[in-house]
Amino acid sequence: MTDRVPVLSETIDHLFRHHSGQMVASLCRSFGFDKIDTVEDAVQDSLIAAMKTWPFSGVPVDQFAWLMRTAKNRCIDSLRRSSKSTSIDVDENFELRSENNELIGASFASEIDEDQLQMIFACCHPAISPDSRVALTLKTVGGFSVGEIAHAFLAKEDSIAKLITRAKSKLRDSGVRMEIPTPVELPDRVDSVLKALYLMFNEGYGASTGEALTRKDLVFEAIRLISLLAKHPVTTSPKVDALAALFCFQAARMPQRSDHNGELLILAEQDRDAWDKRLIARGLHHFRLSASGDHMSDYHLEAEIAAIYTLAAAYFSTDWRRILTCYDELQLRQFSPVRELNRLIVLGELEGTEAAYKRLLDLGKELSNYSLFFITKAHYENLRGESVLAVASLARAFELSDNDSVKRFITKKLAEITPQHP
Amino acid sequence: MPNYMLLLHEQTSDVSQLSPEDIEAVIAEYMAWSAKLAAQGKIRGGEKLRDEGGRHLHGFGDKFRVTDGPFVEAKEVIGGYFTIEAENYDEAVRLSSDCPHLKYGGWVELREVEPTGE
């Protein structure tokens, strides 16, 4: 078959993912969170029905209404079949929300946001582990498939499927409902959501694992969800804005983290003009909003670090002193070896190679399986003229890395150290 | 110009696990294919046939017998059809050759419609 239509998956806008998440949330709100399995099956059925009929009939003008009607009918059918009662308790506003959406326009959009927020709170309930919250949220709110989630986490599909099943039954047992938490519960429940979104973002942003495309989708899903929280008058807070700012600043630099050959670029090598200006502007917006109240959260400090990195006109004009202060404060609150590594790189910029290298060696035990530790170590060893040590460190880094672009980066660094004609 | 019918035979396969993303991509491919034919004024129409609930009718003299079928369990069903316009079989084959149906495990039976009229 020559002349085939190219696969369009790069150009599609994830509309079905979003529709799927919106439908699951909206139907769960109508039928109850405990019916989530039935709801998810019905939503999947509606998408399959679209795939089978739209190629012949054409795409309906209001796709979402078509899918929603189909999913709702299947849901009612299957609930009728499973319970003997003929009357199904459906939210009386349901028809209005799902079918006359073109009539109500804006208020319909805010209803959808409300559905999704309630779903986020249900899926990120503190009763389940942060990992489970991320997987479940991606599945039900984000419309990601188990396969896609497994890809992003470099996990087996089976284990992700089990994780999600267990999480759902735990939530059902705990009697979790679709609602915005009461003012008393709200701070803890928001924290539980933020922790999950932070994980989701880092899973996507971290350079260590997973398939590039899916990981990028995770990053933008985390941004979409934090924006929902930031936009809603009840759930927004300076802390929410701080995390939103952090996400936007980090994501803005994403397109430049590798060159056109997919090779990793370190910060100093990146083309700052190619960073995403719209995301930077969004980051600044949230960053400004976060600067109120009297509580400085960890997210505030991390957002500030990201802001300084992102807003510096050039690498050499980065305000290292201010970044170091933020790192110091974070480390005082809770020490993290990985963050210490980042702190030492900043320290190196301020106080020189020797100071950073000495402290780096103290981290060796805690980060003995961390590829980036050895890459950093090699960097300083090379600067100190100890090329044999540097080569050994890079070799160790290579061994520990499971990511091809990181491995190519290490190979490139190795070539820079070892003379070509010894 | 003669009309040709593309009868889309499909092997019934389990599509229940496709992700929303996959499903969107499949639809987009079909729409791109039919849009391309429409732009050339080549497509006449198409309809989806229901997968289940069909009937087979057989006549015996002045009696007939009705059996149900095809079933969902059937290995192969005609999922639907498109009608296109083409100069001849060569062109009809060329126009059908990038129908996404071929990519997704189905096969196409291409038949020229006998023209009626004078």
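Biologist: What does the secondary structure of chain B come to?

Modeller: Three helices and six strands in chain B. This is a predicted model, by the way.

Biologist: What pattern does chain B follow along the sequence?

Modeller: Chain B reads β-α-β-β-β-β-α-α-β.

Biologist: And what does the C-alpha trace of chain B span along its principal axes?

Modeller: About 50 × 50 × 20 Å.

Biologist: What pLDDT does chain B average?

Modeller: Chain B averages 89. In chain B, 97% of the residues score at least 70.

Biologist: What ipTM and pTM does the predictor give the complex?

Modeller: An ipTM of 0.87 and a pTM of 0.84.

Biologist: Now the sheet. What is the order of the four strands in the open sheet of chain B?

Modeller: The order is β2-β5-β1-β6, and the pairing is antiparallel.

Biologist: Which are the edge strands?

Modeller: β2 (43–48) and β6 (106–112) of chain B. Each of these two pairs on one side only.

Biologist: How are neighbouring strands of this sheet turned against each other?

Modeller: By 20 degrees on average, ignoring direction.

Biologist: How many bridges join β1 to β5 in chain B?

Modeller: Nine. β1 covers residues 3–11 of chain B, β5 covers residues 76–85, and the two run antiparallel.

Biologist: Which strands does helix α1 of chain B lie across?

Modeller: Helix α1 (residues 20–39) lies across β1, β2 and β5 of chain B. The helix runs at about 150 degrees to β2(B).

Biologist: Switching to chain A. At what angle do helices α7 and α8 of chain A pack?

Modeller: About 140 degrees, with the axes 9 Å apart. α7 is residues 130–140 of chain A, and α8 is residues 146–153.

Biologist: Why are α7(A) and α8(A) called oblique to each other?

Modeller: The angle is about 140 degrees. Only angles over 145 count as roughly antiparallel, and 65 to 115 as roughly perpendicular. So α7(A) and α8(A) are oblique to each other.

Biologist: Is the crossing of α7(A) past α8(A) left-handed or right-handed?

Modeller: Right-handed.

Biologist: Which residues of α7(A) and α8(A) meet?

Modeller: From α7(A), Val134(A), Ala135(A), Leu138(A) and Lys139(A). From α8(A), Val146(A), Ile149(A) and Phe153(A). The residues of this contact divide into six nonpolar, no polar and one charged.

Biologist: Next pair. At what angle do α16 and α18 of chain A cross?

Modeller: At roughly 20 degrees, and their axes come within 11 Å. α16 spans residues 337–351 of chain A, and α18 spans residues 371–383. Angles under 35 degrees count as roughly parallel, so α16(A) and α18(A) are roughly parallel to each other.

Biologist: Is the crossing of α16(A) past α18(A) left-handed or right-handed?

Modeller: Left-handed.

Biologist: Which residues make the contact of α16(A) and α18(A)?

Modeller: α16(A) brings Leu341(A), Leu344(A), Ile345(A) and Gly348(A). α18(A) brings Leu372(A), Phe373(A), Thr376(A) and Tyr380(A).

Biologist: How do the residues of the contact of α16(A) with α18(A) divide?

Modeller: Six nonpolar, two polar and no charged.

Definitions and conventions:
Residues numbered from 1 in each chain as written. Chains lettered and ligands numbered in written order. Predicted model: local features only at pLDDT ≥ 70, side-chain atom pairs only at ≥ 80, totals over all residues. Heavy atoms only, no water. Axes fitted to C-alpha atoms, helices over the stretch in contact; angles between N-to-C directions. Left-handed = near helix turned anticlockwise from the far one by under 90°. Contact = heavy atoms within 4.5 Å. Nonpolar A, V, L, I, M, F, W, Y, C, P; charged D, E, K, R; others polar. pLDDT = per-residue confidence, 0-100. Pairing = 2+ DSSP bridges.
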